[in-house]
Amino acid sequence: MSTFNTRCPSCSGVNRVPVERVSESPVCGKCQQALLDGAPIEGTELNLSALLNSSQPVVIDFWAPWCNPCVGFAPVFQSVAKAQSGQIRFVKIDTEAQQNLAAQYQIRSIPTVMVFKNGQRVDFINGALPESQFKQWLEQAVTK
């Protein structure tokens, strides 16, 4: 049984999640909050493939801590993640900490937001958007 570690978006506790159970809505062992829905998940090389191959659409925000537009877009991404809980999975990938993933997805500017369905990229945008525009773009992207 293969597993990956993920940090709880509520309490920051580290949890080990079996890859086979990603679609079962796992909860944090410490605070019992949902691990993979309702808030962005920290994406890493170890957990990304399991997250992308879930039945839910996945939205990834490629960002960096030094990027002002990225930091400004973070509350928008968080708000939409909370509103779309259980329907769309949201992942944030720090391009400084996960340089191999940034190279793999050919990230040339940040923030870059990508939408995946069944493990395949269906759309992407570069740059931060206001919440209303982001919601509109996301709605169109997940219906592709």
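Student: How many salt bridges does the structure hold?

Tutor: The structure holds six salt bridges. Keep in mind that this is a predicted model. The general idea is simple: side chains of opposite charge can pair when their charged atoms come close. Start with glutamate 24, which pairs with arginine 21, their closest N and O atoms being 2.9 Å apart.

Student: How exposed are glutamate 24 and arginine 21?

Tutor: Glutamate 24 has 47% relative accessibility, so it counts as partly exposed. Arginine 21 is partly exposed as well, at 45%.

Student: Which residue does arginine 89 meet in a salt bridge?

Tutor: That would be aspartate 37, with an N to O distance of 3.7 Å. This pair links distant parts of the chain, 52 residues apart: aspartate 37 sits in the loop between strand S2 (14–18) and strand S3 (41–42), arginine 89 in strand S5.

Student: Are aspartate 37 and arginine 89 buried or exposed?

Tutor: Both aspartate 37 and arginine 89 are buried. Now look at lysine 92 and aspartate 61, whose side chains form a salt bridge at 2.6 Å, N to O. Lysine 92 belongs to strand S5 and aspartate 61 to strand S4, so this pair ties together parts 31 residues apart in sequence. Lysine 92 is buried, with a relative accessible area of 15%, and aspartate 61 is buried at 0%.

Student: On to helices. How do I read H4, and which of its residues are buried?

Tutor: The general idea first: an α-helix has 3.6 residues a turn, so residues three or four places apart point the same way. Helix H4 runs over residues 131–142, twelve in number, and reaches 16 Å from its first C-alpha to its last, close to the 16 Å expected. Its buried residues are Phe134, Trp137, Leu138, Ala141 and Val142. They lie on the same side of H4, because they cover an arc of only 120 degrees around the axis. Ser132, Gln136 and Glu139 are exposed on the other side.

Student: What do the buried residues of H4 pack against?

Tutor: Their packing partners are strand S4 (58–63), helix H2 (68–83), strand S5 (89–94), strand S6 (112–117) and strand S7 (120–126).

Student: What is isoleucine 60 in contact with?

Tutor: Leaving aside neighbours within four places in sequence, isoleucine 60 contacts Leu48, Leu52, Phe77, Val91, Ile93, Thr112, Val113, Met114 and Phe116.

Student: Last one: what does threonine 3 touch?

Tutor: Threonine 3, in strand S1 (residues 3–7), touches Arg16, Val17, Pro18 and Val19, not counting residues up to four places away in sequence. Threonine 3 is partly exposed, at 36% relative accessible area.

Note on methods. Residues numbered from 1 in each chain as written. Predicted model: local features only at pLDDT ≥ 70, side-chain atom pairs only at ≥ 80, totals over all residues. Heavy atoms only, no water. Helix = DSSP H or I, 4+ residues; strand = E, 2+ residues; numbered from the N terminus. Expected span 1.5 Å × (residues − 1). Buried < 20%, exposed > 50% of the residue type's maximum accessible area, 1.4 Å probe, protein only. Arc of directions from axis to C-beta. Contact = heavy atoms within 4.5 Å. Salt bridge = Lys/Arg side-chain N within 4 Å of Asp/Glu carboxyl O.
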